[in-house]
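Reader: Could you walk me through this one while I have the coordinates open? I would like to begin with the strands and then move on to the helices.

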Amino acid sequence: MVRLVGGAQDREKIRSMSEVSRSLVEVVDFDGVFHSDFKTMFDGLGLLDCGLEYNVVTVLGCQSSGKSTLLNALFGTKFPEMDSMCGRGQTTRGVWCSRDIESSTLVIDVEGTDSKERGEDRLTFEHRASLFSLAVADAVIVNMWYHDIGRYTASNYGLLKTVLAVMLELFHTNDSSKMDSRMDSRMDNHTRTHMIFIIRDHSSSLTPIHKLERLLLQDVVDIWDGIKKPLPLQNSTADDFFKFSVIGLPSKVDDKNNFDIEVKNLKLNWLNKLRPKHYTRTIPADGFPMYCESIWNTIMNSDQLDIPSQKEMVAIYRCDEIKIRAFMKMKDGLAQHDYDVIFDHDKNKDNLTVGDNLTINDNTNTIIQNLLSFVIHDYHKDAWRYDTNVYNKKLNELLDDCYYELQKIYDTSLNMERQKCLKEAAKYLEKLGRKDPYKSSRLLDDGSDIFEFWRQLDIKYLSNWMDMTLDDFAKKCKSSSINFSVSLGENDVKLNHEFTSDLQMSLLKENLIEMRTKFKESELQSFKNILEEPVQGIREQIEMLQLEPDLNNYWNEATKILLDNSTRLYPQYGVALQGIVGSNHGTDKCEEPSREIVESTMTRASTPFMTTESDERMRFNMVLYECLRESFARRSDRICDQVYKRFKRFFETDEDGVPNYWATTKPDDIKRLYREAKSKALALFPIICEYKVDLHALVHDEFVDPRLLELSQQPLLFGIKQSESLSTSEKFMLKACQEAQFIQATGGQMTKQSWWMWLLCILLGWNEIMFVIRQPIIFMLGLTAALVMGAAWYTGNLFTLITGGRLLTSHVLSVILPIIQKELAPKLHTQTR
């Protein structure tokens, strides 16, 4: 239910006028708040489809002067009227609107001026209401009484002054050129506001209407001359902004019949003469609610009210709404069609031949043309009335959105073809490479030499494969276009748009580059596996340096060994690596370094190896460096053996390499040799726990792979493993010293063994005897089990034995397992910590 009046005292009256309220819409309430549901309620007035074929009339005048009564009589509206029998007071509170029942005229009833209910705030609201009325209305009715003419307040002289001053506010701007253009536009009879003075209770026998008209117009001139005007409007007159009419009406109480007749004449005069043909503010009816809200908010915020800017804002808002509505209809239309037929080929085909062209066929082209034509007409139907620049801009945006949706459909179909191309490309690579990249054989699956294959991999195989795939896809995905015109009355909209395969072509390139990168990584892994054999030889050469007395230059010598072997291996392995990596720097993960860096550093005279061959050699050195480090890392758990080997070199032999004879060596000499050998052996431990081959000696600083540089800083052995390895080395060294001391103590004589011991050695072997000595319990259990099984088999009670054995095993495990858990639990807890 829309509120008719603002006071609680009129609730009973509201309930009795429920039917009337359906035709009334509140615009602004008594507190000056614009009604939040104005747009929704405005829809009920039936003006939305009028376009510009409507008018707006507003009324200004003193409170309780019969404004609502006049509007109801003139336009057939149902604004609440004051009931004199109940006293005199404010009836209309705020701003309300309704519709003329005979024409597309929107009638706005404004709260009266000089209101006791407003108190001291009345002038503020009067100014705002006047400004709002002039901003939205084609015609402003000034309601005044005959007997009040000549008075200042009662005759609305102050209100008239406010109205004229407010009109200047609408045209005030700091830009004089804009003000001049607005002035020129307002001087047009079709855009000037029509101010209609209605003289109530007028009688021609008392004062002829033409004399009253002369008097009122003179008052207007006097008021206008007294208003301070902006400089560009100094010479303007009120007639530049208004058309004036003065009309007298008889008394509604004393001469009701003549009043009704004059009101009818005035209505005919309005319909045939006074009413403009179109809404002079050029705001279509569907945008009027937003226009009103924008005007009122600007007034309330005390901002400069720029009417052209307000019109443009409304045009942008409404054209946006219309554009979105039309676009959604476009999407709905697209959803109703099967666009697999967008390609001119059989959609049930699994594969397309090179000769098949993917393009929009005639049937699909017709559907698209019909959809676009419908969307453009739907947009044009409601948007053409708004600002031309805004209209054209939003139309272009609508077409761009439609083209984008059609391009997505086109891309979806192209995506199917791209997936087919990728499947074919994957099959080619699967046939091209080896099934097991970790296989270290130098022959391919077909028996050909893998090095010869690698040398031509990038140029002959992968580059041609990529170019052929892209060419095949380009032949099948020729660009399609639409080209037609849509007639919009006097103007035609020409549609010319090309649907391209650029996106899918770009995605295909990215997919192929990714596939090529993964394939090269796989082949690089095969290359490293084959390189493992020479790398192992290099590692063994470096490990021989561990037996040298001086370890100060250990890693420097190791670097020289790596460089020498790199020179030896490069002619075969380096060329193969170059074929795997290729020359497309910056696209694959394995391509290091980039060509741009090489070229940027070639101008420096201090770089002795800035050639293409040096570039490829440095890349090979980095791969060799990484493989050698991986080889050392795999043997990191045997560092204790290398330390012990160095210990034995200096403990068991003298400086000339002659073995020491412990039987004749003094105990103090054994201790001295032990300490010296142990010191030299332990000096090796921290050296070989790290990998310090000089990467910068292999590769120029600007070409060093950051990943390898970070890897070179990480030790091969650290933490608990390093401590355990050191402890194990010391145990081995101590045991060797004890054996030497034992030999020295026994004089080097062999202990005489029994004949049965020699017999066991012959029958079982030394390793088996040592196992029996080290694990006697396991040996006895195994021997017992063998004897029992033999006896059972011999007596035929094998099943009974198995059953008893299972029970015995269960009993033994129930006893042993708790003991084992009790013993191991503390150790496991310590290791976990």
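**Strands first, then helices**

Author: E26 stands opposite W96 in strand 3, and please keep in mind as we go that this is a predicted model.

Reader: In which sense do strand 1 and strand 3 pair, and over how many bridges?

Author: Strand 1, which covers residues 25-28, runs antiparallel to strand 3, and the pairing extends over three bridges.

Reader: And what about strand 3 and strand 4, how many bridges there?

Author: Strand 3 and strand 4 (residues 105-110) are also paired in the antiparallel sense, over five bridges, with R99 having L106 in strand 4 as its bridge partner. The two strands form a hairpin, and five residues lie between them.

Reader: Is strand 3 mostly covered or mostly open?

Author: Strand 3, at residues 95-99, is mostly covered, since four of its five residues are buried.

Reader: Switching to helices, where does T517 lie, and why does T517 count as buried?

Author: T517 lies in helix 16, which spans residues 502-544, and T517 counts as buried because its relative accessibility is 7%, where the cut-off for buried is under 20%.

Reader: What does the side chain of T517 reach?

Author: The T517 side chain reaches the backbone oxygen of I513, at 2.8 Å.

Reader: Last topic: where does UniProt put the transmembrane region, and what is the chain like over residues 778-795?

Author: The unreviewed UniProt entry places a "transmembrane region" at residues 778-795; in the model, residues 778-795 are 100% helix and 0% strand, with the end C-alpha atoms 26 Å apart.

Key. Residues numbered from 1 in each chain as written. Predicted model: local features only at pLDDT ≥ 70, side-chain atom pairs only at ≥ 80, totals over all residues. Heavy atoms only, no water. UniProt positions renumbered as here; feature names shortened; annotations may be inferred. Buried < 20%, exposed > 50% of the residue type's maximum accessible area, 1.4 Å probe, protein only. Pairing = 2+ DSSP bridges. Polar contact = N/O pair within 3.5 Å; in protein donor to acceptor, adjacent residues only side chain to side chain.
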